[in-house]
Each structure stands twice: as structure tokens, then as C-alpha cells.
Amino acid sequence: MNKADIPARWQWFNEARFGMFIHWGPYAVYGRGEQALNREQIDHREYADMACKWNPQHYDARVWADVAKQAGMKYAVLTAKHHDGFCMFD
């Protein structure tokens, strides 16, 4: 795809060049990536129970954003729903 084929509303992405996609959810408890549920064949009921109890105590989005900005990142995307089906929204 050449630049002429990219819609104007998406041009910023190519120009920004450096950013961060944040894949974060209850699977972080396992510390082995966002696909632990399927790759390790974890029992779905056990995983759902763990996910319902997941309550990160020291999460500070402002710190993450500040670090990204200091590194020169121009955007950040928080994955709101991932492979495990857990939603970061109601």
C-alpha cells in the first residue's frame, strides 16, 4: 500500500512512528504472556475465578504515560479485550 492509498485520518500513525501497545489483563498474574489460558490449557473456570479476583493495587496509568512520553512515544493503545475474553470495560 502506498501513501496515497492511506486514508487521511490514518496518516498520523505513519508519521508518529513510535508508540506503545499495552497488552495487560488478569493473565499478568501468571507472568507468561497474554495467551497463557490457551497455550497452557488452564481450566476456564479456574481462570475466570482468578480474573474476577484480579485487582492490581499499584497500577498507575499516569506513570505509564509519563514513561512513554519520556521515551519519545507519540501514542499508546490499551488492549481493552484480549484472547482470554476478559474486558477492561463493563
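Here are some friendly questions and answers about this predicted model.

Q: What makes up the secondary structure of the chain?
A: The chain has 4 helices and 2 strands. Read from the N terminus, the elements follow the order α-β-α-α-α-β.

Q: Why is the pair E40 and R32 called a salt bridge?
A: A salt bridge needs a side-chain nitrogen of Lys or Arg within 4 Å of a carboxyl oxygen of Asp or Glu. In E40 and R32 the closest N and O atoms are 2.6 Å apart, so the pair meets the cut-off. As background, side chains of opposite charge can pair when their charged atoms come close.

Q: Why is E40 called partly exposed?
A: Partly exposed lies between the buried limit, under 20%, and the exposed limit, over 50%. E40 has 35% relative accessibility, so E40 counts as partly exposed.

Q: What makes R45 and D43 a salt bridge?
A: Their side chains meet at 3.5 Å, N to O, and that is within 4 Å, so the name applies. R45 is exposed, because its relative accessible area of 67% is over 50%. D43, with 34%, is partly exposed.

Q: How do you know that K53 and D49 are separated by about one helical turn?
A: Both belong to helix α3 (residues 44–53), and they are 4 residues apart, which means about one helical turn between them. The closest N and O atoms of K53 and D49 are 3.1 Å apart, forming a salt bridge. K53 is exposed at 60%, whereas D49 is partly exposed at 40%. The structure holds 3 salt bridges.

Q: Which residues form the nonpolar patch on the surface, and which helix gives the most to it?
A: The patch is formed by Y59, V63, W64, V67 and L78, with about 430 Å² of accessible area together. Helix α4 (residues 61–70) gives the most, with 3 residues. V67 is found in helix α4.

Q: How many of the residues in the chain are buried, as a percentage?
A: Buried residues, those under 20% relative accessible area, make up 23% of the 90 residues.

Definitions and conventions. Residues are numbered from 1 along each chain as its sequence is written. This is a predicted model: local features need pLDDT of at least 70, side-chain atom pairs count only at pLDDT 80 or more; totals for chains, interfaces and linings use all residues. Side-chain values use heavy atoms; hydrogens and water are left out. Patches are made of residues with over 30% relative accessible area and no salt bridge: like charges are joined within 9 Å, nonpolar side chains (Val, Leu, Ile, Met, Phe, Trp, Tyr) within 5 Å. Accessible areas come from the Shrake-Rupley method with a 1.4 Å probe; for residues, only the protein chains shown count as cover. Buried means under 20% relative accessible area, exposed over 50%, partly exposed in between (1.4 Å probe, protein chains only).
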